[in-house]
Amino acid sequence: MSLIKKRAVPAALEKNLLAAGFNPLQARLYAARGIASPTELEHELKHLLPFTLLKNAPEMGARLADAIEQGKRLLIVGDYDADGATATTLAMKGLAAFGGKVDFIVPNRFEYGYGLTPEIVELARSKSPDIIITVDNGIASHAGVEAAKAHGIEVLITDHHLPADTLPNALIVNPNQGDCLFPSKNLAGVGVMFYVLMALRAVMRERGAFANQPEPNLAQWLDIVALGTVADVVKLDANNRILVEQGLKRMRAGRACPGIMALFTAAGRFYGRASCFDLGFTLGPRLNAAGRLDDMSFGINTLLATSEDVALPQARELDQLNRSRREIEQGMREEAERALINVDVADRYSISLYQADWHQGVVGIVASRVKDQFHRPTLVFADGSNGTGSDDDEIKGSGRSIPSLHLRDALDLVSKRHPSLIKKFGGHAMAAGLTLLRKDFAAFEAAFEAVCRELLDEAQLTRVIETDGELPSRDLQIATAELLDKQVWGQGFPAPVFSGQFRVVEQRIVGEKHSKLKLSNTDGIVLEAMRFNWSEPIPRDIHAVYKISVNEFRGERILQLQLDYCEAI
């Protein structure tokens with residue numbers, strides 16, 4: 001059972017927005033999300049925070065300008081998720097456009113693991129770089145930086161992950177480093193790289209580099225920035241909303257890069273109505289599938305493709321990889337549910353699961369699904385790729401958390417109390433990764449449970465579903481759905497979710513696992529509805545949590561409710 005709670009709507013903010021000309025529904029929704037004036041919803045590029053506020057961005061821009069002028073060989077070291085892939089793509093396109101000699105490598109998840117390690121430095125040496133530039137990683141790469149320096153390779157770090165107490169000895173651009181005054185701490189890795197390019201352009205402009213050649217237009221790459229930002233589930237604060245909205249505009253106008261256009265085609269989605277949903281749940285997972293099951297270099301090369309003829313076959317292969325990922329995930333979820341049959345989850349504050357034959361590339365998704373089901377911080381582990389069956393083998397885990405627990409901080413506390421238990425870890429408040437020895441799993445499970453019991457109380461283990469309350473019958477129309485769909489919604493700026501009482505007039509199963517419904521609201525209006533991934537009978541009278549959308553089928557457009565949750569009344 002979940003607790004359905006209506007979002008508070010500050011009366012003063014709502015009044016301001018009504019006076020500014022917003023309709024009552026818009027005023028209520030935006031006020032509930034802390035919007036005080038229409039200017040906060042203006043997404044023009046002129047409102048972006050200046051790069052000069054981002055610590056070391058001007059210095060890194062100057063260093064890159066020097067390197068380009070001197071013909072230095074630049075090597076991007078990326079990460080194997082969608083944020084890392086888009087950040088790598090952006091760095092490749094941007095630095096090349098400014099005249100840089102640039103190449104990239106991205107660690108294979110199964111061979112090298114995450115970040116700039118000494119092993120990755122050895123791999124990088126085959127490309128003879130003068131400078132390594134990390135994107136979406138590096139803030140914890142002390143050993144990798146020192147290994148690079150030992151070989152005469154300079155390292156520049158661009159990252160957004162939370163730093164430890166000490167930083168690598170390198171020039172770092174990361175809004176989350178301790179003394180950075182940049183107001184938005186929520187830039188994704190691709191967003192940090194975009195700001196570095198802004199700084200580089202400013203330096204080169206100042207040096208007169210564009211006197212005899214066109215100046216690169218950074219806006220041409222905002223589709224890539226938008227994809228990585230949404231796919232990495234960072235908070236969509238005002239600054240990130242600008243980046244995402246501008247990227248979506250490029251997609252809707254058909255001006256996205258060939259790789260992104262090909263991903264829309266492969267997924268069967270129309271770019272002209274591109275939304276955050278498409279980026280987070282359609283394109284992002286297909287791009288991520290390369291890093292989860294194969295090699296993210298394939299996904300990056302899709303984004304780097306110079307024509308759709310080249311990109312489309314690659315995008316279709318990514319689509320097939322994503323289908324395989326879903327099959328693997330489903331099997332692992334079923335095994336995880338069986339493993340929990342004899343566990344009293346209600347008496348636990350955390351869930352830690354390990355199975356030797358689980359797929360290392362899918363543990364994070366399974367952790368997310370289990371966390372959603374039981375509303376507990378969840379860590380899922382699989383054997384490392386080089387396992388021998390020994391207790392001294394490494395196992396690699398990925399975790400997802402609930403809003404009340406900062407996962408990286410919780411792991412840091414475990415590590416401080418048990419210094420030899422966790423081999424390495426890193427991440428965010430809501431997601432993290434770590435490595436243990438197989439023999440230490442039980443000890444870690446107990447230590448993590450103890451920390452969660454300290455940091456959480458029982459009330460925080462009840463899922464709270466925040467809604468925007470009832471949607472009046474006058475607003476149950478296609479025009480409302482279309483109006484809401486134009487806004488940028490996402491993490492930290494959630495899409496509108498409504499709640500209300502309905503009678504189930506009709507229900508049937510479609511596609512073997514989805515419930516198709518007809519619902520009557522309290523005013524007697526009958527509405528089409530879907531509850532995806534739900535095949536059990538739904539009670540006659542329900543309290544439902546839902547979104548509104550437009551369903552298009554055979555040329556007909558109808559309003560449809562998408563049920564996220566329902567309970568009998």
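**From values to terms**

Q: Why is Q373 called partly exposed?
A: Q373 has a relative accessible area of 42%, and because buried means under 20%, exposed over 50% and partly exposed in between (1.4 Å probe, protein chains only), Q373 is called partly exposed. This is a predicted model, in which local features need pLDDT of at least 70, side-chain atom pairs count only at pLDDT 80 or more, and totals for chains, interfaces and linings use all residues. Residues are numbered from 1 along each chain as its sequence is written, and side-chain values use heavy atoms, with hydrogens and water left out.

Q: Where is the place of Q373, and what makes that element a helix?
A: Q373 belongs to helix α14, residues 363-374; helices are DSSP runs of H or I with at least four residues, strands are runs of E with at least two, and both are numbered from the N terminus. The protein has 17 helices and 17 strands.

Q: What makes the protein as compact as a globular protein of its length?
A: The radius of gyration, taken over C-alpha atoms, is set against a globule rule of 2.2 Å times the number of residues to the power 0.38. For 569 residues the rule gives 25 Å and the protein has 24 Å, which is close, so the protein is as compact as a globular protein of that length.

Q: Which residues is Q373 in contact with, leaving aside its neighbours within four places in sequence?
A: They are E337 and R463, where contact means heavy atoms within 4.5 Å. The C-alpha atoms of Q373 and E337 are 9.9 Å apart in space, and the two are 36 residues apart in sequence.
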